[in-house]
Amino acid sequence: MNIVEKILARGSGKSSVAPDDVVFADVDKVMMHDVSGPGVLKVFDKLKKQGIPVDKLWDPTKVWVAEDHFVPSADKMSAENIVKLSNFTKQYGIEKHFKYGMGQYGICHTISHEEAMVMPGDVYVGGDSHTNTTGALGAFACGLGHTDIAYVLLNGNIWFKVPETYYFKLNGKLPDHVMAKDVILKIIGDIGNDGGAYRTMQFGGSGIDEMSVESRLTLCNMTTEAGAKNGIVEPDQKVVDYLSQRGASNFNLVTGDSDAEYSKIFEYESSEMEPMIAKPFSPDNTCVVGEAPSVELDKSYIGSCTGAKYEDLVSAAKILKGRKVKIRTEILPAAISIYQRAMENGLLKIFLDAGVTVGPPTCGACCGAHMGVLAKDEICISTTNRNFPGRMGHVESQTYLSSPMVAAASAVTGKITDPRDLL
Amino acid sequence: MKGNIIKYPRDNIDTDVIIPGQYLKVHDYAELATHAMEGLDPDFHSKVKEGDFILSGKNFGCGSSREHAPIALSHCGVKAILALSFARIFYRNSVDGAFLLPIEIDQDAYDGISEGDEIDIDVSKNEIKNITKNQTYKMKPFSEIIGKIIAAGGLFKYKPDQD
């Protein structure tokens with residue numbers, strides 16, 4: 001069995017599973033946030049009316065909650081959702097609630113690794129499509145909707161069709177000007193935005209061994225944009241070190257068997273990788289930066305679970321150091337712990353000196369909700385994950401997706417720019 | 001199950017156009033319905049009728065896990081989506097929450113069915129009848145688990161132990 005099959009077999013109490021088997025797997029961790037949480041509450045209300053008891057969760061210690069989409073509260077309705085979420089966690093005895101304005105908080109997927117909420121080998125589900133991110137720690141990490149999350153909260157398990165696995169092998173260390181974001185954009189461009197649909201996308205090879213845990217998180221994050229059920233990397237010493245530094249212990253490192261089967265293997269050479277962008281209006285509409293259209297950008301956005309981890313900010317700072325931005329540029333570290341490290345290590349000074357507006361952790365502008373949405377006809381280069389019509393604001397705005405280095409270089413020039421021009 | 005078709009002849013209708021991100025804070029189902037398809041077709045809410053079906057291309061519902069998407073469509077009266085393929089979370093949400101039926105169709109049905117056509121979907125025979133054009137197409141059968149959850153009326157009414 002491969003790693004995902006082994007995790008799902010263990011979770012469903014079977015000695016083995018194979019693609020297309022339907023299993024009910026026990027869940028080790030479940031996450032919800034200020035959008036899916038109130039959504040789950042609505043499901044609970046509906047269940048109550050149907051006479052299904054909702055007075056007790058299966059295990060509140062396995063549930064954790066983030067505040068990220070509409071925080072700091074964008075308006076009255078958002079503020080009320082935070083109150084509802086707080087009442088919910090209090091009522092059900094959920095202790096792991098990362099509240100904004102009270103120390104560590106951030107985008108749910110970032111908190112999942114920054115706070116070691118998820119461990120290798122876990123069956124982890126979250127009420128958000130980018131739950132896939134956390135597969136980089138060696139967990140089966142999969143996004144679900146409100147009804148499914150409500151089901152998990154009450155029953156502790158959920159059904160899955162065991163996915164077939166596409167294996168993406170990356171050979172060799174990436175060049176300094178190429179980031180994991182470029183690799184995943186290249187892959188999505190190649191297989192299309194339903195190319196991984198219903199499947200696992202697993203990453204391995206010497207290029208992945210060389211990669212930091214944060215880079216692997218970027219890869220797994222955007223498997224969602226290829227339609228995948230989950231993304232995963234087999235856990236190694238780097239994952240153990242990363243999680244140990246964040247207080248975790250007792251690791252159960254599940255890896256695939258030597259005769260593990262994959263339905264398809266894709267091979268990439270790191271030395272051939274280039275900085276990439278995805279043009280409007282789809283993450284699979286990709287090209288190398290060298291072939292980017294010559295557009296006048298209005299804004300550069302460095303934020304989100306995809307593109308505002310600590311390493312992402314370090315990469316942007318390398319380019320922005322001693323330079324001034326030419327277009328509106330916003331940098332929003334994805335969690336307070338990252339914000340703090342950025343402050344301690346001088347990154348915030350580099351950003352502020354360059355003229356950047358630095359904001360608090362939020363999903364706000366990435367999903368077109370608040371705190372930096374785009375006006376009609378505005379064009380943005382962004383380290384986020386989607387560029388569908390209206391994704392980041394007005395339905396006639398445009399978003400180009402890129403790595404933090406490309407977004408930083410483009411902030412300096414006002415055009416889509418290869419970081420090699422400024423490194 | 002009979003209804004009329006609203007056709008969007010394109011692939012990748014994503015959740016950002018089905019229900020734009022600014023409405024994710026809204027959890028009132030009736031209010032969500034007034035914004036359904038707003039990112040693609042601002043006239044949708046005025047033209048959709050109770051019992052209508054949407055027909056579209058590949059990868060319908062790609063993007064976010066927002067259950068707001070099937071909720072908004074079902075609370076407009078949409079009973080089924082006919083598409084060449086579906087994104088997985090939208091598909092799952094539609095079935096597990098018992099909001100609407102995601103029906104996978106083939107190219108013949110996609111090409112043959114037009115805006116406004118009256119359709120009769122017979123899930124028991126995996127058949128779609130185009131009453132307006134007097135044509136019949138096959139739908140892809142539901143997988144076993146999906147069929148059982150639909151028959152039960154959603155995931156919470158499905159009892160896996162009785163299998």
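**Notes on the two-chain model**

1. Starting with chain B: its elements come in the order β-α-α-α-β-α-β-α-β-α-β-β-β-α along the sequence. That amounts to seven helices and seven strands. Bear in mind that this is a predicted model. The radius of gyration of chain B is 15 Å, close to the 15 Å that the globule rule gives for 163 residues, so chain B is as compact as a globular protein of that length. Along the principal axes, its C-alpha atoms fill a box of roughly 45 × 40 × 25 Å.

2. A word on packing in chain B. Of its 163 residues, 50% are buried. If you take the contacts between residues at least 6 apart in sequence, 65% of them join residues at least 24 apart.

3. Now the sheet in chain B. What is the order of the seven strands in this open sheet? Reading across, it goes 4-3-2-1-5-6-7, and the pairing is mixed. Strand 4 (101-104) and strand 7 (135-138) of chain B sit at the edges with a single partner strand each, so one side of each has no neighbour in the sheet. On average, neighbouring strands here are turned by 30° against each other, ignoring direction. For one pairing in detail, look at strand 1 (residues 2-8) and strand 2 (residues 53-56) of chain B, which run parallel and are joined by four bridges. In that pair, Ile5(B) is opposite Phe53(B).

4. Strand 5 of chain A runs parallel to strand 2 (residues 29-32) of chain A, with three bridges between the two. It also pairs in the parallel sense with strand 6 (residues 140-143) of chain A, this time over four bridges. Gly126(A) turns up in both pairings: it is the bridge partner of Met31(A), and it stands opposite Gly143(A) in strand 6 of chain A.

5. Val30(A) belongs to strand 2 of chain A. Why does Val30(A) count as buried? There are 26 other C-beta atoms within 10 Å, and the cut-off for buried is 20 or more. Leaving out residues up to four places away in sequence, Val30(A) touches Lys62(A), Val63(A), Val125(A), Gly126(A), Ile149(A), Val152(A) and Leu153(A). Val30(A) and Met117(A) are 87 residues apart in sequence, yet their C-alpha atoms are 9.6 Å apart in space.

6. On the contact between the chains: chain A puts in 40 residues and chain B puts in 30 residues. On the chain A side, the elements giving two or more residues are strand 1 (22-26), helix 2 (36-49), helix 3 (76-92) and helix 5 (146-155). By class, that side of chain A has 18 nonpolar, 15 polar and seven charged residues.

7. Between them, 35 residues of domain 1 of chain A are in contact with 38 residues of domain 2 of chain A. Helix 4 (108-114), helix 6 (180-191) and helix 8 (213-221) of chain A each supply at least two residues to the domain 1 side. Helix 6 of chain A gives the most, with six residues. The domain 1 side divides into 12 nonpolar, 16 polar and seven charged residues.

8. Some backbone spots to check by eye. The peptide bond from Val71(A) to Pro72(A) is cis, with omega near -15°; Pro72(A) is in the loop between strand 3 (63-66) and helix 3 of chain A. Another cis peptide bond joins Pro280(A) and Phe281(A), with omega about 0°. Phe281(A) lies in the loop between strand 12 (276-278) and strand 13 (286-288) of chain A.

9. Ala116(A) has phi near 50° and is in the loop between helix 4 and strand 5 of chain A. Ala116(A) is partly exposed, with 17 other C-beta atoms within 10 Å. Asn12(B) has a phi of about 60° and is in the loop between strand 1 and helix 1 (15-18) of chain B. Asn12(B) counts as buried, with 22 C-beta neighbours inside 10 Å.

Conventions
Residues are numbered from 1 along each chain as its sequence is written. Chains are lettered from A and ligands numbered from 1 in the order in which they are written. This is a predicted model: local features need pLDDT of at least 70, side-chain atom pairs count only at pLDDT 80 or more; totals for chains, interfaces and linings use all residues. Two strands pair if DSSP finds at least two bridges between them. The radius of gyration is taken over C-alpha atoms; the globule rule is 2.2 Å times the number of residues to the power 0.38. A residue is buried if 20 or more other C-beta atoms lie within 10 Å of its own, exposed if 12 or fewer, and partly exposed in between; C-beta atoms are placed from the backbone. Two residues are in contact if their C-beta atoms, placed from the backbone, lie within 7 Å. Ala, Val, Leu, Ile, Met, Phe, Trp, Tyr, Cys and Pro count as nonpolar, Asp, Glu, Lys and Arg as charged, and the others, Gly among them, as polar. Axes are lines fitted to C-alpha atoms, for helices over the stretch in contact, and angles run from 0 to 180 degrees between N-to-C directions.
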